[in-house]
Amino acid sequence: MSDDTAIGRSLSEEIGYWLESASRTLEKRYGSGVPQTKQDMLLAHYLYGLTAVAHAGETPASHLAAMRSYLGRLLPEDRVAQALRAVPEEGDSWLESTLDRVEAIGEKQGHALLAQGIDIVIPFPSRHASAAGSAEPAVIERDPPKEALSQ
């Protein structure tokens, strides 16, 4: 599915689309060179940034439930749980800085999605409509995860 079809998708579908794109980018970029647990952490941090804008008015538990649901579409349950609990080992500066970059790219994309005016259809009942008003205009990049991971 191309980015040009985004107009017909809900925010939930867009988040799923960008998460799948990030997952493919991580696999292509790192393959077996970076352990799967670290790739899962990177994916979870990207998703956190991507969904933080849309779930800004919610409780942390509600946002975490949304993240579990999205990650659960791509990863087995045990890997989802591990990715959401994992922290970089002390002194792993590469992972720490990469997590920060990937999360920032996800957040930028989240703002762009909301600014784009996509219908907010997120399958979580505690969603606050007021979060949509906080989006700042932004240009959607074609493949934001690739931008961070290629640096």
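**Helices, spaces and contacts**

Helix H2, which runs over residues 36-52, has 17 residues and reaches 24 Å from its first C-alpha to its last, close to the 24 Å expected at 1.5 Å a residue. The model is a predicted one, and the values given here should be read with that in mind. Within H2, the buried residues are Gln 39, Asp 40, Met 41, Leu 42, Leu 43, Ala 44, Tyr 46, Leu 47, Gly 49, Leu 50 and Thr 51.

By class, the lining of the largest pocket divides into 10 nonpolar, four polar and two charged residues.

The lining of the largest cavity comprises three nonpolar, one polar and two charged residues.

Helix H1 can now be followed through some of its residues. Leu 11 is placed in helix H1, and Leu 11 counts as buried because its relative accessible area is 1%, where buried means under 20%. Leu 11 and Thr 51 are 40 residues apart in sequence, while their C-alpha atoms are 9.8 Å apart in space; Thr 51 is among the buried residues of H2. Ile 15 also lies in helix H1, and its relative accessibility of 0% is why Ile 15 counts as buried. The C-alpha atoms of Ile 15 and Gln 109 are separated by 9.2 Å, although these residues are 94 residues apart along the chain. Glu 27, likewise placed in helix H1, is partly exposed, with a relative accessible area of 43%. Glu 27 and Gln 39 are 12 residues apart in sequence and 7.9 Å apart in space, C-alpha to C-alpha, and Gln 39 is one of the buried residues of H2.

Which aromatic rings form pairs in the structure? The structure holds two aromatic pairs. Tyr 17 and Trp 18 form an edge-to-face pair, with 5.3 Å from centre to centre and 85° between the planes. Both partners fall under the 20% limit for burial: Tyr 17 counts as buried because its relative accessibility is 15%, and Trp 18 counts as buried because its relative accessibility is 1%. Tyr 30 and Trp 94 form the other aromatic pair, which is edge-to-face with 5.6 Å from centre to centre and 85° between the planes. This pair links distant parts of the chain, with Tyr 30 in helix H1 (residues 11-30) and Trp 94 in helix H5 (residues 93-115), 64 residues apart. Tyr 30 is buried, with a relative accessible area of 13%, whereas Trp 94 is partly exposed, with a relative accessible area of 35%.

The helix that carries Trp 94 is H5, and H5 has 23 residues and reaches 33 Å from its first C-alpha to its last, close to the 33 Å expected at 1.5 Å a residue. The buried residues of H5 are Leu 95, Thr 98, Leu 99, Val 102, Ile 105, Gly 106, Gln 109, Gly 110, His 111, Ala 112, Leu 113 and Leu 114. Among them is Gln 109, the residue whose C-alpha is separated by 9.2 Å from that of Ile 15.

Finally, Asp 92 is found in the loop between helix H4 (77-85) and H5. The side chain of Asp 92 makes a polar contact of 2.9 Å with the side chain of Lys 38.

Note on methods. Residues are numbered from 1 along each chain as its sequence is written. This is a predicted model: local features need pLDDT of at least 70, side-chain atom pairs count only at pLDDT 80 or more; totals for chains, interfaces and linings use all residues. Side-chain values use heavy atoms; hydrogens and water are left out. Rings of Phe, Tyr and Trp (its six-membered ring) pair if their centres lie within 6.5 Å; planes under 30 degrees apart count as stacked, over 60 as edge-to-face and the rest as tilted. Buried means under 20% relative accessible area, exposed over 50%, partly exposed in between (1.4 Å probe, protein chains only). Helices (H or I, at least four residues) and strands (E, at least two) are DSSP runs, numbered from the N terminus. The expected span of a helix is 1.5 Å times one less than its number of residues. A polar contact is a pair of N or O atoms within 3.5 Å; within protein, one must be able to donate a hydrogen and the other to accept it, and residues adjacent in sequence count only if both atoms are side-chain atoms. Ala, Val, Leu, Ile, Met, Phe, Trp, Tyr, Cys and Pro count as nonpolar, Asp, Glu, Lys and Arg as charged, and the others, Gly among them, as polar.
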